[in-house]
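This report describes one structure, with its strands, helices, ring pairs and backbone details. The sequence and coordinates come first.

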Amino acid sequence: MTDTLAREGVRLFPTGLHECPYFGDRPARLGFVDPRLPLDSSAYDQLLAHGFRRSGEQIYRPICPGCTACRSLRLPVHRFRPRRRHRRCRRDNHDVRLRSRGRVLDPAHHALYTRYVRARHPGGGMDDADPDLYWRFLTADWCHTEFLELRAGQDLLGVAVTDVTDGAFSAVYTFYDPDLPRRSLGTLAILMQIEEAQRRGLDWLYLGYWIEDCPRMSYKADFRPHEVFTPEGWEAVE
């Protein structure tokens, strides 16, 4: 816990050690914010700025012994400059529109989520998540969350579940049609979240944790400029 958070009386409750899902030879541990802490948009904004993330009702961050490889990554949306591959992705998806459905439990979203998880993360524990488990994973009663749909005409291509604070978007989870790889829907969802954050006058898009040596996370660092959270604070990467 940082000195600032300690002074503000924020307690962390550590989990036991478990095997790191990214580095099998390292122990991992999470620190969860005291669930009795009153939370609202302002408090959540501050916790995001200290490298935390939300899963369901819980706020956490890695506190692994001897390892700081997992770093929170955020984009200053008004300074974002798309790279050639980003511009190509937008051109290839000129027919896709973003629409906020607010905080809604939609059977079509759940069906798409199930298809996505079974195709991309089989055996991960969420393959057969019923609507209740799915909802508890993605939302929190104290948080303003929006389900941002990516649609081409009437076709639902993807959903970016996004928390909204006073100054930021936080990308909670994105799922999309796994049978459309040529559309690069994961990249498209980030690009459209950036555009929507710009439209709303927000400052940041938080993309969760990033590990430099993890190839499947490399796409996050491809969005520049960005900042990563280090033990010394936020570090700008131009």
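Which residues do ring pairs link into a cluster? They are Tyr113, Tyr116, Tyr134, Phe137, Tyr173, Phe175 and Tyr176.

## Basis

The model is predicted: local features need pLDDT of at least 70, side-chain atom pairs count only at pLDDT 80 or more, and totals for chains, interfaces and linings use all residues. Residues are numbered from 1 along each chain as its sequence is written, and side-chain values use heavy atoms, with hydrogens and water left out.

## Sheet

Eight strands make up an open sheet with mixed pairing, in the order S8-S9-S10-S11-S12-S7-S13-S14. Strands (E, at least two residues) and helices (H or I, at least four residues) are DSSP runs numbered from the N terminus, and two strands pair if DSSP finds at least two bridges between them. Strand S8 (96–100) and strand S14 (233–237) are the edge strands, each pairing on one side only. From one strand to the next, the twist averages 30 degrees.

Strands S9 (residues 145–152) and S10 (residues 155–164) run antiparallel and are joined by eight bridges. Thr145 has Asp163 in S10 as its bridge partner.

## Helices

Helix H4 (residues 107–120) lies across S9, S10 and strand S11 (168–176), at about 75 degrees to S11. Helix H6 (residues 185–200) packs on the sheet and touches strand S7 (71–76), S8, S9, S10, S11 and strand S12 (204–210). The direction of H6 makes about 150 degrees with that of S11. Axes are lines fitted to C-alpha atoms, for helices over the stretch in contact, and angles run from 0 to 180 degrees between N-to-C directions.

Two packed helices are described by the angle between their axes and the distance between the axes. For H4 and H5, the axes come within 11 Å and cross at roughly 85 degrees. The two helices are therefore roughly perpendicular to each other (angles under 35 degrees count as roughly parallel, over 145 as roughly antiparallel, 65 to 115 as roughly perpendicular and the rest as oblique). His109, His110 and Tyr113 of H4 make the contact with Pro131, Tyr134 and Phe137 of H5, where contact means heavy atoms within 4.5 Å.

## Aromatic pairs

The whole structure has 14 aromatic pairs. Rings of Phe, Tyr and Trp (its six-membered ring) pair if their centres lie within 6.5 Å; planes under 30 degrees apart count as stacked, over 60 as edge-to-face and the rest as tilted. Tyr113 and Phe175 are edge-to-face, at 5.4 Å centre to centre with 85 degrees between the planes. Since Tyr113 is in helix H4 and Phe175 in strand S11, the pair ties together parts that are 62 residues apart in sequence. Tyr113 and Phe175 are both buried (buried means under 20% relative accessible area, exposed over 50%, partly exposed in between, with a 1.4 Å probe and protein chains only).

Trp135 and Phe147 are stacked, at 5.7 Å centre to centre with 10 degrees between the planes. Trp135 belongs to helix H5 (residues 131–138) and Phe147 to strand S9, so this pair ties together parts twelve residues apart in sequence. Trp135 and Phe147 are buried as well.

## Charges over rings

The charged end of Arg74 sits 3.6 Å from the ring centre of Trp204, over the ring. Arg26 lies over the face of Phe23, 3.9 Å from the ring centre. The criterion is NZ of Lys or CZ of Arg within 6 Å of the ring centre and within 35 degrees of the ring normal.

## Backbone details

Arg224 and Pro225 are joined by a cis peptide bond, with omega about -5 degrees. Pro225 is in the loop between helix H7 (218–221) and strand S13 (226–230).

Ser184, in the loop between S11 and H6, has a phi near 50 degrees, a positive value in a residue other than glycine. Ser184 counts as partly exposed because its relative accessibility is 36%.
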